[in-house]
Amino acid sequence: KTITLESLLNSADVLEKLKSISGGNSNSNSRKRRNALTFGCAQGSTSRGDHCVECSAGYYAGDSCLPCPAGQYSDANGQISCKKCGDGLSTLGEAASKSSECIKVCEIPAVSNGESYPPTGYSVPEAATITLSCNSDYDLEYNQRDEVKCANQLPKCYRRCTVVAPSYVSNGLKEVVVGNSLISQ
């Protein structure tokens with residue numbers, strides 16, 4: 001048996017669906033509704049209720065209009081996929097709508113015994129300034145500033161120690177009393 005488009009549109013199943021959408025009138029001016037219901041939406045569009053919506057730049061059509069993930073962009077409406085940024089480039093977040101949003105970025109690494117602002121895991125433009133703070137009783141490495149340029153490895157926070165007694169040499173080793181501990185160097 002051959003099914004024609006007309007017989008499909010006139011089938012009881014489709015007519016019942018159209019009646020429920022159009023408030024009981026299957027002959028209303030709802031060609032767009034009928035097309036969205038029966039055939040799906042045009043490429044780059046997604047259904048929203050009883051009609052089709054074209055996805056905006058920065059988004060692509062999937063089950064709904066989805067934002068392009070970090071590292072990708074869509075620079076026009078009605079896209080079905082996103083374009084990848086070039087090698088070594090990424091975006092600072094989702095829904096990028098221009099290729100100029102693809103830049104060299106630095107993902108902020110963890111700071112041992114401390115924290116950073118913006119926090120670990122955030123992406124910032126390459127060489128952006130990061131503020132570091134160490135946990136209580138910790139200090140940054142000797143001569144390090146608390147504001148540094150983003151890099152794959154940030155300065156470390158070390159436990160603060162205070163020398164409470166002068167150092168002396170014993171058994172050929174230099175020993176320093178720190179708190180209640182004796183450290184050989």
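**Close-up views of a predicted model**

View 1. Strand 10 is joined to the antiparallel strand 12 by 3 bridges, and Ile 130 has Val 148 as its bridge partner in strand 12.

**View 2. Ile 130 and the largest nonpolar core.** The largest nonpolar core holds 13 residues, of which Ile 108, Val 124, Ile 130, Leu 132, Cys 150 and Leu 154 touch the most other members. Strand 10 (129–134) and strand 11 (138–140) are the elements that give two or more residues to this core. Leaving aside residues up to four places away in sequence, Ile 130 touches a set of residues including Ile 108, Tyr 117, Val 124, Val 148 and Cys 150.

**View 3. The disulfide of Cys 106 and Cys 150.** Cys 106 and Cys 150 are joined by a disulfide with an S to S distance of 1.9 Å, and the torsion about the S-S bond is about -70 degrees, so the disulfide is left-handed. The pair links distant parts of the chain, 44 residues apart, with Cys 106 in strand 7 (residues 105–107) and Cys 150 in the loop between strand 12 and strand 13 (157–159). Cys 106 counts as buried at 5% relative accessibility, and Cys 150 is buried with a relative accessible area of 8%.

View 4. Strand 1 and strand 2 (residues 51–54) pair in the antiparallel sense over 4 bridges, and in their hairpin, which has 2 residues between the strands, Gly 49 takes a positive phi near 70 degrees. Ser 45, in strand 1 (residues 45–48), is buried with a relative accessible area of 18%, and its bridge partner in strand 2 is Glu 54. A disulfide joins Cys 41 to Cys 52 (S to S 2.2 Å), connecting the loop between helix 3 (31–39) and strand 1 with strand 2. Cys 41 is partly exposed, at 25% relative accessible area, whereas Cys 52 counts as buried at 18% relative accessibility.

Methods
Residues are numbered from 1 along each chain as its sequence is written. This is a predicted model: local features need pLDDT of at least 70, side-chain atom pairs count only at pLDDT 80 or more; totals for chains, interfaces and linings use all residues. Side-chain values use heavy atoms; hydrogens and water are left out. A nonpolar core is a set of buried Ala, Val, Leu, Ile, Met, Phe, Trp, Tyr and Cys residues joined through side-chain atoms within 4.5 Å. Buried means under 20% relative accessible area, exposed over 50%, partly exposed in between (1.4 Å probe, protein chains only). Contact means heavy atoms within 4.5 Å. Two strands pair if DSSP finds at least two bridges between them. A disulfide is a pair of cysteine sulfur atoms within 2.5 Å.
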